[in-house]
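The following report describes selected local features of one protein model. Please read it alongside the sequence and the coordinates.

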Amino acid sequence: MGQLLKVQNFCVSSDGFGAGEGQSLETPFGHADPGALVSWAGATASWPNRTDPGGSRGLDDYLTRDFHHNIGAEIMGRRKFGPQVGPWQNHDWLGWWGETPPFHTPVFVMTHHPRPSFTLSDTTFHFVDDTPAAVLERAKEAARGKDVRLGGGATIIRAFLEADLVDTLHVAVSPVELGAGSRLWESPDELRDRFHVDIVPSPSGVTHHLFWRK
């Protein structure tokens, strides 16, 4: 099938928002409670930050465990990298994740204000101002034959969907409403013209929407 562009484990509220309003350094998800959106993954046996034994199995665990499988690069929007907007005032901000980011691949941050690349542990961040198609081409080259993950946020995912570049999506819909914020969709039915979809409810309370290109 060649290299795929994949959205994996992207969490949205029941009314279609991937994050709330008012993002800041202290509130990366704005007014949304990230714990309510991603608790299904955090409860699994395969959650990478788990410090105690146990955890759930089943589909939630499989999707959490599969997150890094065959991924060679990631694309994300600037607001996933950090809360700043406009020209970079300094280059001290190195992302939300500290000295060991969880990506372990090249990461391409889409922004209208590029800055020099830098490396933390085994993750190199590149800052690019280009079209989705051009950024995807660069990411695929960096991935060296592996797939590319489209990490979000919702605005970036919509841009790649509008450019018809996404091959598969997994969206976990949590039973919480946000009312406003960064919207992925009004309804998942918007994608049925281009994708097959399986909708699978989980005992954790989320509903997994699994899309693959027709």
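## Lining of the second largest pocket

Strand E1 provides the largest share of the lining of the second largest pocket, namely four residues. Elements are DSSP runs numbered from the N terminus, with helices (H or I) of at least four residues and strands (E) of at least two. The model is predicted: local features need pLDDT of at least 70 and side-chain atom pairs count only at pLDDT 80 or more, while totals for chains, interfaces and linings use all residues. Residues are numbered from 1 along each chain as its sequence is written, and side-chain values use heavy atoms, with hydrogens and water left out.

Two or more lining residues come from each of strand E1 (5-12), helix H2 (59-65), strand E8 (168-173) and strand E11 (207-213). The lining comprises 14 residues, and those nearest the centre of the pocket are Leu 63, Asp 66, Thr 168, His 170 and Leu 210. A pocket is an open set of points on a 1 Å grid over the protein atoms alone, where a 1.4 Å probe fits, with protein on both sides within 12 Å along at least five of seven lines; lining residues have an atom within 4 Å of a point. The second largest pocket holds about 250 Å³ of space, the volume being that filled by probe spheres set on the points, which are joined across faces, edges and corners. By class, eight lining residues are nonpolar, four polar and two charged (nonpolar: Ala, Val, Leu, Ile, Met, Phe, Trp, Tyr, Cys and Pro; charged: Asp, Glu, Lys and Arg; polar: the others, Gly among them).

## Strand pairing

Strands E8 and E11 run antiparallel and are joined by six bridges; two strands pair if DSSP finds at least two bridges between them. In this pairing, Leu 169 stands opposite Phe 211 in E11.

Strand E11 also pairs with strand E10 (residues 195-201), in the antiparallel sense and over seven bridges. Here Val 200 is opposite His 208 in E11. E10 and E11 form a hairpin with five residues between them, and Gly 205 in the turn has a positive phi of about 110°.

## Backbone geometry

Most residues other than glycine have a negative phi, and most peptide bonds are trans. Asn 9, in strand E1, has a positive phi near 55°. Asn 9 is buried, at 17% relative accessibility (buried means under 20% relative accessible area, exposed over 50%, and partly exposed in between, with a 1.4 Å probe and protein chains only).

A cis peptide bond, with omega about 5°, joins Gly 152 and Gly 153. Gly 153 is in the loop between strand E7 (147-152) and helix H5 (154-162). Asp 164, in the loop between H5 and E8, has a positive phi near 60°.

## Salt bridges

The structure holds 11 salt bridges, each defined as a side-chain nitrogen of Lys or Arg within 4 Å of a carboxyl oxygen of Asp or Glu. One of them joins Arg 213 and Asp 164 (3.1 Å, N to O). Arg 213 lies in strand E11 and Asp 164 in the loop between H5 and E8, so this pair ties together parts that are 49 residues apart in sequence. Arg 213 is partly exposed at 30%, as is Asp 164 at 39%.

Lys 80 and Glu 74 form a salt bridge of 3.0 Å, N to O; Lys 80 is partly exposed at 25% relative accessibility, whereas Glu 74 is buried at 0%. In the bridge between Arg 192 and Asp 189, the closest N and O atoms are 2.8 Å apart. A network of salt bridges links Arg 57, Asp 61 and Arg 65.
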